[in-house]
Amino acid sequence: MNAHRNGQSVSVILPRKQAGYAGDSAPANAVVNAPRLLTMGVLVALVCLALSGCAPGFYPLLLTEPTSVRVERVGPALSTCEDRFITHDLPHNTTTADGVIRMYEANGAGVAINDLDNDGDLDLVLGNYDNPNSIFWNEGGLRFRQEQMPIGRTRAVAAVDVDGDGWTDLTLTRVGGAVNFWRNRGADVAADAPGRFVQEFVNGLAKPAYAIDWADLDADGDLDAVTASYDIGLLTELGNEYLLRGESGVYIHWNDADGFRAQRLTDEAQALAITLWDEDGDGRGDLLVGNDFALPDQFWRNSADGWQLAAIFPETTHSTMSFDLADVDNSGRAALFASDMKPPDNNPETMRAWAPLMEAEHPPLPAGDPQRMENVLLIADPGGNFQNMGRDRQLDATGWSWSGLFGDLDQDGQLDLYIVNGFAESTTFAHLDGHELVERNQALRNTGGGFERMPDWGLGSERGGRGAAQGDLDGDGDLDIVVNNLRGNAQLFENRLCGGASLQVELRQPGSANPAAIGATAFLETPAGRLRRDVRVTRGYLSSDPGQLHFGFPADAQPRLLLIRWPDGKWSTVSAPSPGQKLIVSRTEHQQE
Ligand SMILES: [Ca+2]
Ligand SMILES: [Ca+2]
Ligand SMILES: [Ca+2]
Ligand SMILES: [Ca+2]
């Protein structure tokens, strides 16, 4: 295991016999006859055992049978409180050779947060153009040791354990290129030695890719990839040669014994974002591809009959820039946020800056086209029907928006949203200083009924943010933020907001092909509500998440129960977890038998 801190305790939680959980709503003899129904009933009974007089709730996920876990408890560490974030510059500047931004160079690069050397601290990887990518090794206390990778020209940075050896690898998408796989050499390289990552060819992972995400899509235990191209960028970078290749579009890359097998879903994409999640809760991960320009976003349902295109959203973004999924109203279901471009206010100065885009001739969209040029928040009702609540919740207009990320920044039990924005390009914004549309990043606090702007949080940087990621970088329990800016140093925003408490959960499946439990979901029962978090690789724009789940809640809302749904549908619980801690919850069985 990877935690080596003092003050950590370990306990092993074994599953009780299923019948032991059965209450009136779930007779024990139903175990054999109706396992699916029973497990729901078992769960409600279990939760009602833990709570006094709870109302029957619902978990919109298939649960099969309990499985035992080992729990390590880390922390809590002391945190500093001064009601705002503190900005730290990182010596990484994503830029071009001459500093002039032309065409799709404007789109910038991503950032990944993950524990890359298994020392318990979260490290950073930032993509770049003409300069090398950077790795920032976390040495504790927000001190980082920078290492330059022998590669730049990068778009997406996805940190994920592709080969399932327990060490996080890197998959990078490139400007005009294919996916690059950088294998983590694991224990073969000394802790502080450079060159932990070595580039290797992966058979079959060879399609033009801009956006990428990873999940186990065929439920065989290993991680499959989805990639999508950004065709207009390829045309700009490769010229007519691009036309000869005929390999753009959206691909599933099935993880097979001898490499990856590509399955093409469509031959056209302008994809800036991909997200994978089990939208209908049937245990199979579904796919959403977000397209720039007028090409509509596309949703494929992963069904027993293969991938089926479906129109599930009444409204979508037009120039989709990023996706994030989160349970914003603590309903138990994931809502989808997609970012787009819309002036953040109607001030004359703002409208003057935006004039070229607002006055551009756009051919009218066909009747019934669901696309809108604004951010959308798609929330499903209990029947699974989505509604766009973006305008209603006051988060439709946040400027030229790139990464939008949910996280409970102030730890009150409601997921807040942080959006980075701005644009720079030598022709579109030739009328502005430095050809740059300068905008303040937007921190939006979830009030329950809406989102309010929080200029006092200290997150309103005016640099050109593109990729962004969140994680607890100083180990004090709250979410810090890293932004990969275009033509400006990257920034680390240290969370020093006051109030609230947290529980962080790291899920492990040692010995399986998916040790980081990508695709798992956890629910935390608290007096302030039932909180849901999901383990995913890609979040926001071109960036990836540490997979360390962060639950915030009011300081007096002692959590009662943590329920984990593992990627294979088995489940585990941890009772009365202590606030402030990080729990490392590991399955004690091998997932693959
Ligand atoms: Ca690995
Ligand atoms: Ca698989
Ligand atoms: Ca909050
Ligand atoms: Ca922190």
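Modeller: In helix H4 (residues 231-238), Asp231, Gly233 and Leu234 are buried. This is a predicted model, in which local features need pLDDT of at least 70 and side-chain atom pairs count only at pLDDT 80 or more, while totals for chains, interfaces and linings use all residues. Residues are numbered from 1 along each chain as its sequence is written, and chains are lettered from A and ligands numbered from 1 in the order in which they are written.

Biologist: Why are Asp231, Gly233 and Leu234 called buried?

Modeller: A residue is buried if 20 or more other C-beta atoms, placed from the backbone, lie within 10 Å of its own; 12 or fewer makes it exposed, and anything in between partly exposed. Asp231, Gly233 and Leu234 are classed as buried, so each meets the cut-off of 20 or more.

Biologist: What makes a run of residues a helix or a strand?

Modeller: Both are DSSP runs numbered from the N terminus: helices are H or I with at least four residues, strands E with at least two. The chain has six helices and 44 strands.

Biologist: Why do S13 and S14 count as a pair?

Modeller: Two strands pair if DSSP finds at least two bridges between them. Strand S13 (residues 224-228) and strand S14 (residues 250-256) have four bridges, in the antiparallel sense, so they pass. Ala225 stands opposite His253 in S14.

Biologist: What makes S12 and S15 edge strands?

Modeller: The open sheet has four strands in the order S12-S13-S14-S15, with antiparallel pairing. Strand S12 (211-215) and strand S15 (259-266) each have a single partner strand, so one side of each is left without a neighbour in the sheet.

Biologist: What makes a set of residues a nonpolar core?

Modeller: Its members are buried Ala, Val, Leu, Ile, Met, Phe, Trp, Tyr and Cys residues joined through C-beta atoms within 7 Å. The largest such core has 133 residues, and Val157, Ala271 and Val482 have the most contacts inside it. Strand S16 (residues 271-277) gives the most to this core, six residues. A second, separate core of 12 residues includes Ala106, Met341, Trp354 and Phe429.
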